[in-house]
Amino acid sequence: MEKIPKTYDVLIIGAGPAGANAAISYKNLNPDMTVGLVDKAIFPRDKSCGDAIGPGVISALKRFNNEHILEGEPQVVSTTLYGPDNIGIQNYIPKVKNKEDSIVYVIPRVDLDNRILNLAKELGVDVYEGYSFVDFTPNEDRSLNVLIKNDNQNLEFVTKILVGADGANSRVRKKLNYKPNSDWHKAIAIRAYIDSPNYLEIFEERTLMFEINVSADKGYAWAFPSKGNLLNIGIGVPVSIFKKDKLDVNVLLDNFVSELESRGVVVENIRKQKSYLLPFASSRPKRNKEYNIALIGDASSMINPMSGEGIFYGMEAGYLLAKNTHKLLDSNMISIGIDRYEKEFTKRFKKHFLSCALARLILQSPFMTKRLLRVASNDQDTIDFVVELLFDEAYLTLKEVFKIGYKFVLPTKLLSLGQKTHS
Ligand SMILES: Cc1cc2nc3c(=O)[nH]c(=O)nc-3n(C[C@H](O)[C@H](O)[C@H](O)COP(=O)(O)OP(=O)(O)OC[C@H]3O[C@@H](n4cnc5c(N)ncnc54)[C@H](O)[C@@H]3O)c2cc1C
């Protein structure tokens, strides 16, 4: 006799922050729902990342009283930006709109993702670790049959809604025949861990160090302090540049290590080098309404094109999807709910992502990077705005464009005069 497949209200592929937070959100909004969460990895699992989580993630965790998973983690209080010619600025993380905490944590993803997944497990989500998503087939009532497998067995489920949260190389997205981001709209980056006994001494506080257009032309490098002497370092470039200039990520990382050492940072025990793609939110896939399938997180190209931050947007997408669909699962309106989720996400972040894409264009020019950092080092409003783009949902209004544009053409001496009379 054929086995009847288990039925779920929601089946989520990918248990990273986006997928796990979608599961947490569904269960909090309606504890009676049946939610399945599938991941090809067995947790705790590593993920190539800078490991920085800012005010957005903190507020996403607070929504369902889950901020306790950050307890005991050291807080980062500032950012330091470097550009060509050693122009550098250090700034406190400004108070951000919509969120209470202007704090950043640097928590290795092997820990962070496991803690978020455990929250989902505690809520009664069925988690299938070590199983890969294979394919889906639609049924007449718009439910979907979903096949997953591991080395020993295939499992089949029926679900009312399928969520693709399976990251930058999403198989769910491929099965939907959505195009991947073009090389211009994605980056490749490599991460490594190092020990540095003197990083905090050199920068005098726990600061996130960003470096633009220095160790890699048109590239971006970071050094983020985690617990103790542990530092997450890395470097990334747009894939278009990577291919055109035939670059090698390991060489880029070596360049950045030399750059850190030239600033006096002691670099010991370089390990766990791992590279991966970052699909930018400057190009998002358009939904095929034929199926009750939603994409969230990297699977749906939600990474900030300026900062490379993606955890917050993925987690927020998981919540917005649950919010817009959890009441519709027993109706024939699931597809409308998925549309509402897409619209709400786009409305909230479109201008922000556009502004970050524009900032990325400016920062790809060494001349403009130098100019921006010069302006910012003499003008608190500009540096606050740049940091808000990195960590908040800030966007450029026409007024802002004129204000910053005007400062760009003003001689530096006049700018510093203006700042002095201001303070
Ligand atoms: C080098 C680098 C540095 C970054 N730095 C930062 C940073 O400092 N801060 C920040 O916010 N963001 C950063 N990002 C972006 C961030 O890592 C992603 O945006 C974030 O991980 C997206 O979460 P997600 O849940 O969508 O996907 P992921 O975290 O990638 O999770 C996807 C999950 O799906 C699983 N999966 C994949 N395929 C299948 C399948 N076929 N079947 C079942 N499961 C599957 C994977 O095992 C994985 O667990 C960085 C990215 C890179 C590459």
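This section describes the domains, the ligand shell and selected local features of a predicted model.

The protein chain is divided into two parts: domain 1 comprises residues 6-47, 109-180 and 282-356, and domain 2 comprises residues 365-422. Contact between them involves eight residues of domain 1 and six residues of domain 2. On the side of domain 1 that touches domain 2, four residues are nonpolar, three are polar and one is charged. Helix α10 spans residues 366-377. With 12 residues at 1.5 Å a residue, α10 should span 16 Å, and the distance of 16 Å between its end C-alpha atoms agrees with this expectation. The buried residues of α10 are T369, L372, L373, R374, V375, A376 and S377.

The shell around the ligand consists of 39 residues, of which G16, G50, G167, G297 and G310 come nearest. Two or more residues of the shell are given by each of the helices α1 (17-29) and α8 (311-325), and likewise by each of the strands β2 (35-39), β3 (52-53), β8 (132-138), β11 (186-195) and β15 (268-279). In terms of residue class, 18 members of the shell are nonpolar, 12 are polar and nine are charged.

Within helix α1 lies I24. This residue counts as buried because 29 C-beta neighbours fall inside 10 Å, the threshold for burial being 20 or more. Leaving aside residues up to four places away in sequence, I24 touches F64, L119, A120 and L123.

Several backbone features were then examined. Most residues other than glycine have a negative phi, and most peptide bonds are trans. The peptide bond from F43 to P44 is cis, with omega near -5 degrees, and P44 is located in the loop between β2 and β3. The loop between β2 and β3 also holds D51, a non-glycine residue with a positive phi of about 70 degrees. D51 is classed as buried because 23 other C-beta atoms lie within 10 Å. A positive phi, near 65 degrees, is found as well in N177, again a residue other than glycine. N177 belongs to the loop between α4 (171-175) and β11. With 8 other C-beta atoms within 10 Å, N177 is exposed, whereas D51 is buried.

Note on methods
Residues are numbered from 1 along each chain as its sequence is written. This is a predicted model: local features need pLDDT of at least 70, side-chain atom pairs count only at pLDDT 80 or more; totals for chains, interfaces and linings use all residues. A residue is near a molecule or strand if its C-beta atom, placed from the backbone, lies within 6 Å of it. Helices (H or I, at least four residues) and strands (E, at least two) are DSSP runs, numbered from the N terminus. Ala, Val, Leu, Ile, Met, Phe, Trp, Tyr, Cys and Pro count as nonpolar, Asp, Glu, Lys and Arg as charged, and the others, Gly among them, as polar. Domain bounds come from an automatic or database domain assignment. Two residues are in contact if their C-beta atoms, placed from the backbone, lie within 7 Å. A residue is buried if 20 or more other C-beta atoms lie within 10 Å of its own, exposed if 12 or fewer, and partly exposed in between; C-beta atoms are placed from the backbone. The expected span of a helix is 1.5 Å times one less than its number of residues.
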